[in-house]
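Trainee: I have a structure to read and I am new to this. Can we go through it feature by feature?

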Amino acid sequence: MRPLDLAVPAQLMTALGPDLLLVAGAMLLLVWAAWRPPSTAHQRHVGFASLALALATGLYVISSLYAQRTATEGPIAVDNFRWMADVVILLGTVFAIALTIDDNARQDIGTAESHVLILFASAGMMLLAAAQDLMIVFLGVELMSLSVYALAGINRRSARGAEGALKYFLLGAFATAFLLYGMALVYGATGSTNLGDIASRIGELRLAGSPLLVIGVALMLIGFGFKVAAVPFHMWAPDVYDGAPSPITAYMAATVKAAAFAALLRVWMEAFPAAFDAWRPAVAGLAVATMIVGNAVGLAQRNIKRMLAYSSIAHAGFLLVALAAGSGQAGSALLFYLLAYTLATFGAFAVIIVLSRQDDRPVMIDDLAGLWGVRPWLALGMGILMLSLLGFPVFGGAGFFAKWYVLQAALQAPAPQVALAVILVLTTVVSAGYYLSVVMVMFMKPRPDDAPAPGPTPGLTRAVLLVSVLAILVLGLVPDQLVGLARAGALRATPVTVAPITARAPRP
Amino acid sequence: MLAESLFFSAVLFSIGVIGVLTRRNAIIVFMCVELMLNAVNLTFVAFARVYGAGGQVFVFLVMTVAAAEAAVGLAIIIALFRHRHTVDLQNINLLKG
């Protein structure tokens with residue numbers, strides 16, 4: 001297939017239309033945001049404009065989803081995997097901006113730039129989902145990360161926020177250096193930064209066992225491991241998630257992870273399928289460590305944001321199982337999982353925002369005691385979200401099918417990952433310990449007499465909560481349609497091409 | 001030439017890693033990260049002598065992004081200094097648990 005020529009305007013719009021719309025709109029909004037002095041009304045106006053821009057970009061992406069079903073060579077991928085990843089990313093963006101408008105109003109923060117920074121981070125994520133060249137991967141990672149470093153410390157009055165931002169920045173930059181060094185060594189081994197060229201040269205030149213390539217892939221895996229918070233590269237996540245404002249924490253936990261996983265899967269499936277045997281044990285090891293540590297340490301948490309941070313680490317482990325399976329189903333399973341996880345995470349953080357007080361004190365699990373008595377709808381919504389994160393059948397809606405598809409991808413792969421599937425199920429049982437304890441506290445414990453009732457739920461927060469809970473329940477009833485859509489445009493590399501090449505490669 | 005350049009950049013990268021892991025001053029840790037990025041640049045330039053200009057283009061991207069990263073990073077360090085009056089990572093311990 002001929003690559004798209006990005007110098008021709010029509011083809012450029014096919015390849016990058018939504019991205020260009022988002023970046024151009026975000027730049028205009030940045031000027032508007034800086035035009036007036038910070039005030040609650042101004043941040044609200046810029047917030048609503050940003051919300052409209054993200055929704056418009058989302059509609060553009062959805063129209064591309066049906067129009068364009070081809071994969072291309074060249075630096076930018078135009079396939080349904082990318083458009084579906086963009087839908088998940090823009091859903092997270094809309095939720096994050098909506099929650100930030102309410103959270104800024106609650107904390108009396110007037111910085112309108114926070115919404116624009118979310119838009120820039122999303123532009124970086126969309127670039128990541130589209131990247132078919134290591135240079136574009138690097139640019140996407142950095143555009144996303146630089147915006148999110150600033151977002152983590154956007155509340156200038158909070159010492160905890162500044163501390164979290166510094167930790168995130170130093171470890172993020174450290175991880176980027178590893179990622180880059182890995183890219184440099186892969187470039188050195190293969191002579192190209194294009195994912196397709198790398199794959200074909202690994203096959204032709206039989207590089208699968210070359211030390212330069214193996215070290216390069218390992219360093220890239222370390223870099224991505226930091227970005228998705230996989231054990232043992234996870235130590236920054238709980239501190240940063242605890243310190244950042246709640247909407248930004250949800251954005252980091254769900255959307256940043258979605259974009260990083262989309263890029264990780266594409267790079268590994270398109271560039272390194274011939275070296276599958278070399279990297280599969282490393283990815284499987286990361287998955288096992290991440291599932292076990294994330295869920296075990298999650299049990300000990302009393303601060304609900306830290307608990308959700310460890311839950312997010314554990315979910316990264318479940319997603320790594322899909323990557324380790326390396327089958328054609330992995331892409332659609334991963335996207336469905338990320339969609340369900342995005343919905344559940346933003347819903348849960350919407351509840352946390354309602355329960356947060358004016359001061360900087362973190363929300364504890366015990367603060368939810370007896371919520372059923374004072375705010376029954378809030379408690380019911382939170383209960384469904386917790387069951388969805390757990391992957392409970394029927395009441396957990398989409399969360400159950402998300403885990404189901406990952407298990408299916410692991411077990412139906414050409415080399416079935418039975419051990420990983422068993423560990424996934426066992427650690428899910430362990431995770432019931434903390435998800436169900438939240439449900440128990442809400443419904444069974446009496447509310448302490450001195451605990452004030454939570455304030456009224458602001459409109460946008462209520463909308464986010466309602467949309468996420470309803471979408472989880474609806475997706476739990478009709479999951480197949482969406483997975484079919486994602487499968488229609490699955491990644492090019494399939495294990496069918498993996499097997500013959502690795503069979504020819506010389507054994508060390 | 002290629003082997004020497006690669007060896008030198010690997011040494012430079014390792015010095016950066018050791019610096020990040022052992023130093024306690026946030027600004028020096030950040031300088032060590034920059035050292036790692038420059039080691040990567042050297043690797044790209046060395047390989048570009050073999051494979052052509054692709055590696056050099058990558059170096060320009062890395063330098064531009066590193067400059068933007070420095071701007072964001074130093075702003076975050078200043079924001080923290082205003083709260084705690086120190087940039088020593090050992091004294092930065094509000095978030096624990």
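Mentor: Start with the interface. Chain A and chain B bury about 3700 Å² between them, 79% of it on carbon and sulfur atoms. Buried area is the accessible area (1.4 Å probe) that two parts lose on being put together, summed over both.

Trainee: What should I know about the model and its numbering?

Mentor: This is a predicted model, in which local features need pLDDT of at least 70, side-chain atom pairs count only at pLDDT 80 or more, and totals for chains, interfaces and linings use all residues. Residues are numbered from 1 along each chain as its sequence is written, chains are lettered from A and ligands numbered from 1 in the order in which they are written, and side-chain values use heavy atoms, with hydrogens and water left out.

Trainee: How many residues does the contact take from chain A and from chain B?

Mentor: Contact means heavy atoms within 4.5 Å. Chain A gives 42 residues and chain B gives 44 residues. On the chain A side, Glu163(A), Tyr181(A) and Tyr187(A) lose the most area to chain B. Together they account for 18% of what that side buries.

Trainee: How many salt bridges does the rule find across the interface of chain A and chain B?

Mentor: A salt bridge is a side-chain nitrogen of Lys or Arg within 4 Å of a carboxyl oxygen of Asp or Glu. Across this interface the rule finds one. The side chains of Arg84(B) and Glu163(A) form a salt bridge, at 3.6 Å from N to O. Over all chains, the structure holds 13 salt bridges. Arg84(B) lies in helix α3 (residues 54-84) of chain B and Glu163(A) in helix α6 (residues 159-190) of chain A, so the pair joins two chains.

Trainee: Where do those helix labels come from?

Mentor: Helices (H or I, at least four residues) are DSSP runs, numbered from the N terminus.

Trainee: At what angle do the axes of helix α12 and helix α17 of chain A cross?

Mentor: Axes are lines fitted to C-alpha atoms, for helices over the stretch in contact, and angles run from 0 to 180 degrees between N-to-C directions. Helix α12 (residues 304-325) and helix α17 (residues 418-444) of chain A cross at roughly 160 degrees, and their axes come within 11 Å. That makes α12(A) roughly antiparallel to α17(A); the term applies to angles over 145 degrees. Their crossing is left-handed: the near helix is turned anticlockwise from the far one by less than a right angle.

Trainee: Which residues in α12(A) and α17(A) meet?

Mentor: Among them are Met307(A), His315(A) and Phe318(A) in α12(A), and Leu420(A), Tyr434(A) and Val438(A) in α17(A). By class, this contact has ten nonpolar, four polar and no charged residues. Ala, Val, Leu, Ile, Met, Phe, Trp, Tyr, Cys and Pro count as nonpolar, Asp, Glu, Lys and Arg as charged, and the others, Gly among them, as polar.

Trainee: How do α5(A) and α10(A) pack?

Mentor: The axes of helix α5 (residues 134-152) and helix α10 (residues 246-271) of chain A come within 12 Å and cross at roughly 170 degrees. They are therefore roughly antiparallel to each other. Their contact has eleven nonpolar, no polar and no charged residues.

Trainee: Which two residues does the cis peptide bond join?

Mentor: Val231(A) and Pro232(A), with omega about 5 degrees. Pro232(A) is in the loop between α8 (211-227) and α9 (236-243) of chain A. Ala229(A) is in the loop between α8 and α9 too. Its phi is near 60 degrees, a positive value in a residue other than glycine.

Key: Angles under 35 degrees count as roughly parallel, over 145 as roughly antiparallel, 65 to 115 as roughly perpendicular and the rest as oblique.
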